[in-house]
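Please have a look at the structure first.

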Amino acid sequence: MANELSFRPATGEIPTQPGVYRFLDSDGRVLYVGKAKNLRARLSNYFGPLNSLHERTQRMLLSASDVKWTIVDSEFEALQLEFMWIKEFDPPFNVRFKDDKSYPYLAISVSDEVPRTFITRRKDMRGVRYLGPYTQSWAIRETLDTLLKVYPVRSCSSGTYERAKRQGRPCLLAEIGKCSAPCVDRIAKADHKALAKRLGDFLASGNETYIEELRGRMAIASETQNYELAAQYRDDVSALEKVLERSALVFADHTDADLLAISRDELSAAVSIFIIRGGRIRGNRSMVVDLELDRSNEELIEYLIQELYTKGKRGPEAEIPKQLLVPVLPTDQEQLQQWLSKLRGSKVDISVPSRGDKAKLLGTATKNAEQALHSYKLKRSSDFTARADALAGIQKALRMANAPLRIECFDISHLGGTGTVGSMVVFEDGLPKKDHYRRFNLETADDTESIYQVLLRRLKYLTQEQSEKFSYRPSLLLIDGGLPQRNAALRAVEELGITGVTVATLAKRLEEIYVSGQDYPLILPRTSEELFLLQRIRDEAHRFAITAQRASRSKSISSQLLEIDGLGEMRARLLIRKFGSLKRIRLASVEEIAQLPGFGPKLASVVHSSLAETEIVTRATRRRTNLVPQVIRGAMDSARKPELLVVTGMSGAGRSTVGNALEDQGWYVIDNLPPQLLGPISDLFSLSKATLPRIAVIIDVRGGEFFNDLLANLSALRERDINVQLLFLEASDAALVKRFESVRRPHPLQGEGTIVDGIAAERHELLTLRESADIVFDTTELNVHQLTNRVSDAFASTARGLRINVMSFGFKYGIPADADLVVDARFIPNPHWQEELRAKTGNDHEVAGYVLAQPGVAEFIENYTAALRVVLNGYRTENKKFATIAIGCTGGKHRSVALSNKIAEIISQEQDVKVSVKHRDLGRE
């Protein structure tokens with residue numbers, strides 16, 4: 001394979017001096033930049049046998065067509081040149097860290113004649129001094145509000161400042177002592193600038209030097225009997241102490257340091273950065289990176305230092321502290337220390353803390369890095385590009401004609417051969433299609449026979465020309481199992497004469513895949529996107545099967561217990577919770593049953609004797625008592641079925657607002673309904689002769705048992721083909737905290753802890769429910785009126801057909817949480833680099849013309865809108881009313897805006913489709 005690298009230079013041609021090398025592709029694009037103490041020794045490692053190199057290194061070499069190098073005088077110069085070229089060329093195979101979110105900074109416009117302090121998430125403004133980053137915007141707002149009492153620096157906008165200057169009258173902040181009013185010359189501009197500098201110095205240092213200085217002034221004022229001035233100094237000292245109390249004191253020696261921790265796996269790495277000034281934690285942030293090449297932790301730390309402290313396109317470099325605390329020393333420690341010291345203007349030390357408080361804090365930072373990596377991997381599973389790669393990988397691995405856009409997975413669950421249940425889960429475009437999930441009650445306990453029966457029952461609908469149920473043809477049938485399960489599935493497919501469907505099984509032991517037409521298993525790479533997706537689908541089928549089997553078993557046991565005189569639902573639950581099964585309850589003694597709350601010796605004796613009767617009598621009794629419910633259910637199933645919307649989500653995210661908005665739109669709204677009543681309520685409305693309403697049920701889900709009941713009842717309703725959708729309301733932690741504090745009430749789950757503790761507990765409780773939701777509304781940036789309008793757009797009773805919201809956004813600000821489909825427009829050349837287009841937006845015809853005229857864009861729009869028509873037809877079939885298509889580019893200003901407008905124009909021509917366009921991030925830059 002080494003012969004494939006035609007650009008390999010002769011070993012003798014490569015110099016042995018220090019230098020920097022670049023791998024380039026056939027178009028001259030720089031793919032990778034590296035440095036070496038000895039260029040010949042380093043580059044020789046790349047040109048050995050390819051199969052001995054890491055997989056990602058092989059991919060880089062096979063993409064390259066040339067290698068070039070530059071000789072320098074020292075390792076330090078090599079380090080500097082490497083950093084400079086990485087920033088200039090942005091090579092795709094170099095380590096590129098990115099923030100896992102944007103962080104708020106406190107900014108001071110020091111270059112202005114009258115400096116202004118403000119809070120921003122941008123870090124690319126010139127002449128601005130940045131303090132932070134901070135984890136929560138509300139926390140820095142409170143800090144700034146306190147500091148303005150001591151350092152009354154201007155915080156108003158330019159418009160407000162100019163208006164006050166023209167009118168000769170300051171704003172309210174000046175009247176309450178939080179602004180020194182430079183607009184009306186109450187303070188000289190030079191003095192105001194010095195005041196802004198002192199504010200920045202205090203926040204940057206975080207030490208008590210300024211407080212001690214104020215205490216000295218207070219003492220002097222008191223000695224001279226200037227008590228009013230002494231009282232003012234006293235209040236300033238109190239305010240500054242309050243600010244410092246909000247930052248945890250970590251080190252008593254007033255350490256100035258940045259602490260870097262790292263967590264990684266084979267494909268990704270995350271780092272957590274703690275910013276320590278004056279011995280206190282002044283801020284922290286997390287960054288993540290996809291590892292294109294195999295890199296050690298030492299190399300990752302080196303590249304992280306480069307990313308943090310090199311001035312780049314996104315703004316000025318971070319403030320360089322006296323000390324960097326790292327988990328491992330970087331590969332070129334001495335050169336890095338020399339480089340950082342040169343940038344700082346004084347010595348910088350890089351060290352590994354081995355014991356004491358610094359080592360303990362490193363452990364805390366490592367936990368933060370682990371959490372950041374976990375969150376990043378969760379986001380990856382919902383990433384559009386990753387899903388597309390996975391589906392393409394499955395198509396190639398299984399040798400399918402087309403990508404498997406609809407995958408149906410089946411699993412069997414039973415308990416000791418009884419209560420056998422088959423599950424069917426559906427994934428479309430790599431995402432779960434919850435309302436297409438089905439479960440099958442079976443009589444046999446044999447796995448292969450169960451698979452055969454389930455597929456017969458499911459696939460027979462493909463042979464019917466008009467079938468509302470199971471009408472979609474899957475591209476791939478995935479079975480949880482091995483070769484026997486695959487053969488059973490093929491038998492069902494062949495008997496029904498189904499063609500054009502691929503059958504595969506995925507076994508747990510070695511994750512081997514058996515495909516139709518091959519008796520030898522296929523093994524996918526452990527870290528591949530395609531195996532990741534197949535595992536997720538298999539695990540979801542397994543979870544759904546177990547949940548269905550448990551619900552069926554619990555229902556069966558409860559029905560038998562409720563036949564006993566004197567035994568109600570609550571007591572039946574106590575018996576099930578204590579003993580677990582009907583067999584164990586029969587084996588329990590009267591004394592053991594009598595010990596349960598609400599049970600006495602008399603009732604325990606009745607329960608014991610009733611369960612001791614023969615199974616023949618029990619079965620006959622059960623048939624008689626179930627006769628009437630079966631007749632009623634049959635009548636209800638044949639009746640009309642209402643439209644049902646279940647609204648739940650985070651406390652404080654706007655459930656009440658959504659309920660009021662739905663009621664205004666003509667929905668029949670029921671608040672705080674127990675999940676067990678969802679079925680009966682639906683049945684009652686179905687039998688009504690009045691106009692069939694649309695029902696919205698607001699449910700507050702907090703307890704675990706309550707939560708399980710909701711999922712089980714939703715599943716039961718969907719089995720009966722009732723049109724039920726689950727709407728989940730979401731909001732960020734900061735938004736929820738602010739809302740609870742504004743109404744001065746605690747979070748219902750915080751207990752003795754804080755509001756943040758309650759929010760974290762509720763998120764954990766509702767994680768599965770959120771993943772099961774059909775619609776997610778993120779209300780973080782919405783006020784009451786905006787949320788009401790959002791509900792009206794999505795669920796208005798006068799709406800006909802399908803409402804589509806086409807939204808442009810910037811990836812740098814995050815993917816919209818409520819997007820149904822996401823399009824990445826970053827493959828289009830960026831108009832930002834065209835000088836004449838930079839200041840314009842995608843709404844301008846010059847930018848739109850440039851974007852739409854790029855090679856491949858017209859073909860992409862044609863293919864994507866054709867695929868959208870198929871998706872929209874599917875939405876109509878399942879009676880979906882609202883969908884959001886999110887189209888993103890880097891900043892949400894040029895490409896995504898132009899593409900959103902064009903796609904909206906095309907799909908608006910579809911019948912019964914109403915299209916709205918929103919440019920979420922336009923104007924943020």
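Predicted model: local features only at pLDDT ≥ 70, side-chain atom pairs only at ≥ 80, totals over all residues.

**Salt bridges in the model**

Let me begin with Glu302, which is buried, at a relative accessible area of 2%, where buried means under 20% relative accessible area, exposed over 50%, and partly exposed in between, with a 1.4 Å probe and protein chains only. Residues are numbered from 1 along each chain as its sequence is written, and side-chain values use heavy atoms, with hydrogens and water left out.

Glu302 makes a salt bridge with Lys35, with 2.2 Å between the closest N and O atoms; the term here means a side-chain nitrogen of Lys or Arg within 4 Å of a carboxyl oxygen of Asp or Glu. This pair links distant parts of the chain, 267 residues apart, since Glu302 sits in helix H10 (residues 297-309) and Lys35 in strand E2 (residues 30-36); helices (H or I, at least four residues) and strands (E, at least two) are DSSP runs numbered from the N terminus. Lys35 is buried as well, at 16%.

By that salt-bridge rule, the count comes to 17. Another is between Arg491 and Glu449, at 3.8 Å from N to O; Arg491 belongs to helix H15 (residues 483-496) and Glu449 to helix H14 (residues 447-459), so this pair ties together parts 42 residues apart in sequence. Arg491 is partly exposed at 36% relative accessibility, and Glu449 is partly exposed at 26%.
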